2 protein chains.
Amino acid sequence: MEYAYDDQNIFAKILRGEIPNKTVYENDHALAFEDIAPQAPVHVLIIPKGAYVSLDHFARDASPEEQVGFMQALAEVCRITDVAQGFRSISNTRVHGVQDVPHYHMHILGGRQLGRMLQG
Amino acid sequence: MEYAYDDQNIFAKILRGEIPNKTVYENDHALAFEDIAPQAPVHVLIIPKGAYVSLDHFARDASPEEQVGFMQALAEVCRITDVAQGFRSISNTRVHGVQDVPHYHMHILGGRQLGRMLQG
């Protein structure tokens with residue numbers, strides 16, 4: 001599979017500082033920020049700083065340092081947002097997954113009971 | 001946060017070979033197998049072989065090798081299941097996330113249009 005990255009996507013612009021964000025946590029390889037249209041009391045997006053279109057792209061091609069850096073950011077987001085009662089992580093890929101922005105991102109949703117995993 | 005692992009959970013039994021599974025992919029650090037109650041044409045679970053209760057536990061305490069091994073398994077699952085049209089990855093944690101088995105697992109769902117990310 002070939003992955004073509006569009007550097008005009010909104011998360012690329014956030015990473016370049018062209019669009020502001022409410023940063024929750026940042027390290028060398030990942031940025032976590034608040035979703036602008038939150039669907040739960042906690043709704044944070046975690047993105048790699050590298051140019052990866054989707055989760056499968058990131059899983060296949062990101063370096064160990066990038067992957068571990070992403071996981072470290074995830075651990076910090078869970079600590080900072082205090083989701084001791086639980087949360088859901090979701091990543092949507094391409095058409096079937098209803099992916100909205102073509103830069104890999106993981107949603108962290110918490111702060112309320114989240115209901116069933118899928119609608120139908 | 002303290003994480004207490006119950007080694008009698010069903011995925012621990014699968015990892016010990018006490019319960020069979022339909023393996024999709026396996027490496028030193030992770031096992032991927034078909035969900036027994038699939039909610040989509042593709043419904044695979046990926047679990048670490050280590051004793052991690054949840055995603056935040058895995059993100060905080062797993063070694064780099066375990067984390068990279070998990071991501072490699074994820075890349076292989078996407079290749080094997082041929083989810084070129086897209087997929088959704090979901091991990092549910094504790095009460096708010098409606099976690100069913102207390103061993104970290106990532107759902108990979110694909111093969112159909114998956115609809116909205118949350119119900120409510």
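## Strand 4 of chain A

Strand 4 of chain A (residues 87-93) is largely enclosed by the rest of the structure, because seven of its seven residues are buried. Buried here stands for under 20% relative accessible area, with a 1.4 Å probe and protein chains only. Strands are DSSP runs of E with at least two residues, numbered from the N terminus.

This is a predicted model, in which local features need pLDDT of at least 70, side-chain atom pairs count only at pLDDT 80 or more, and totals for chains, interfaces and linings use all residues. Residues are numbered from 1 along each chain as its sequence is written.

In a regular strand, side chains alternate between the two faces of the sheet. F87(A), S89(A), S91(A) and T93(A) point one way from strand 4 of chain A, while R88(A), I90(A) and N92(A) point the other way. Both sets are buried.

## Pairing of the strand

Two strands count as paired if DSSP finds at least two bridges between them. Within chain A, strand 4 runs antiparallel to strand 5 (residues 106-110), and four bridges join them. One of the residues involved is R88(A), whose bridge partner in strand 5 is L109(A).

Strand 4 of chain A also pairs with strand 4 (residues 87-93) of chain B, in the antiparallel sense and over seven bridges. Here N92(A) has R88(B) as its bridge partner.

## Relation of the two chains

Terms used. Chains are lettered from A and ligands numbered from 1 in the order in which they are written. Side-chain values use heavy atoms; hydrogens and water are left out. Buried means under 20% relative accessible area, exposed over 50%, partly exposed in between (1.4 Å probe, protein chains only).
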